[in-house]
Amino acid sequence: MRLLFWFAAGLILYAYIGYPIWLWVRSRLRPKPVRRGSVSDSISVVMVVRDGASVLAALDEGSARQPALEELANRLRRQRTTMARWVVGNLTSRSALVSDLTPEEAVETVLVLIDPLLQRRLLVERGWTVERLATWLGRSMRRLLLPPEP
């Protein structure tokens, strides 16, 4: 039983101390340079939840009456905003964002494109497939956020 305890304690110490130290040492021994240049990768971010827009609409309505639902609704909005900032941050770090768009405007653009109500409208009401949505979303983000390719 003692052996099991010390093994578990060692795993916990490794997770909190040993692994971060290992990553630091490894980053000093073999640094990887940041690649700069144009972004030719496709951008596709699809968050599809069956009838998720209805759930989110009900959550928004219910959040006015119940603090717990309000916190959940705010957390979901923050998560979408964080994801949009991550996408824009990656483009900005590669100097790939179109020049006439500020990062804040780019985040708002991404938020509009990944809005669950828009996805519901396209998937449920318009009958799009998930593949069509992914293609449209990637193409729209590329056209709105990246400079045209020469």
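This chain has 6 helices and 0 strands, where helices (H or I, at least four residues) and strands (E, at least two) are DSSP runs numbered from the N terminus. Read along the sequence, the pattern is α-α-α-α-α-α. The model is predicted, so to speak plainly about its limits: local features need pLDDT of at least 70, side-chain atom pairs count only at pLDDT 80 or more, and totals for chains, interfaces and linings use all residues. Residues are numbered from 1 along each chain as its sequence is written, and side-chain values use heavy atoms, with hydrogens and water left out.

**The chain overall**

- Of the 150 residues, 27% count as buried; buried means under 20% relative accessible area, exposed over 50%, and partly exposed in between, with a 1.4 Å probe and protein chains only.
- Among contacts (heavy atoms within 4.5 Å) between residues at least 6 apart in sequence, 65% join residues at least 24 apart.

**The nonpolar core**

- A nonpolar core here is a set of buried Ala, Val, Leu, Ile, Met, Phe, Trp, Tyr and Cys residues joined through side-chain atoms within 4.5 Å.
- The largest one holds 19 residues, and L97, V110, M141 and L145 touch the most other members.
- Helix 3 (67–93), helix 4 (103–113) and helix 6 each supply at least two residues of this core.
- Leaving aside residues up to four places away in sequence, V110 touches A84, V87, V88, M141 and L145.
- As background, nonpolar side chains tend to be buried together in soluble globular proteins.

**Helix 4 against its partners**

- Helix 4 and helix 6 pack at an angle of about 160°, with their axes 11 Å apart; axes are lines fitted to C-alpha atoms, for helices over the stretch in contact, and angles run from 0 to 180 degrees between N-to-C directions.
- Helix 4 and helix 6 are therefore roughly antiparallel to each other, on a scale where angles under 35 degrees count as roughly parallel, over 145 as roughly antiparallel, 65 to 115 as roughly perpendicular and the rest as oblique.
- On the helix 4 side, A106, T109, V110 and L113 meet W136, L137, S140, M141, L144 and L145 of helix 6.
- Helix 3 and helix 4 pack at about 130°, their axes 9 Å apart, and that makes helix 3 oblique to helix 4.
- From helix 3, R80, T81, A84, R85, V87, V88 and T92 meet P103, A106, V107, V110 and L111 in helix 4.

**Helix 5 and what follows**

- Within helix 5 (residues 116–125), P116, Q119, L122 and L123 are buried.
- Seen down the helix 5 axis, these buried residues fall within an arc of 130°, so they line one face of the helix; the arc is that of the directions from the helix axis to the C-beta atoms.
- V124 and E125, on the other side of helix 5, are exposed.
- After helix 5 comes G127, whose phi is positive, near 75°.
- Helix 5 and helix 6 pack at an angle of about 130°, with their axes 10 Å apart, which makes helix 5 oblique to helix 6.
- L118, Q119, L122 and L123 in helix 5 meet V130, L133 and W136 in helix 6.

**A closer look at L137**

- L137 lies in helix 6 (residues 130–145) and is buried, with a relative accessible area of 0%.
- The C-alpha atoms of L137 and Q119 are separated by 9.7 Å, and the two residues are 18 apart along the chain.
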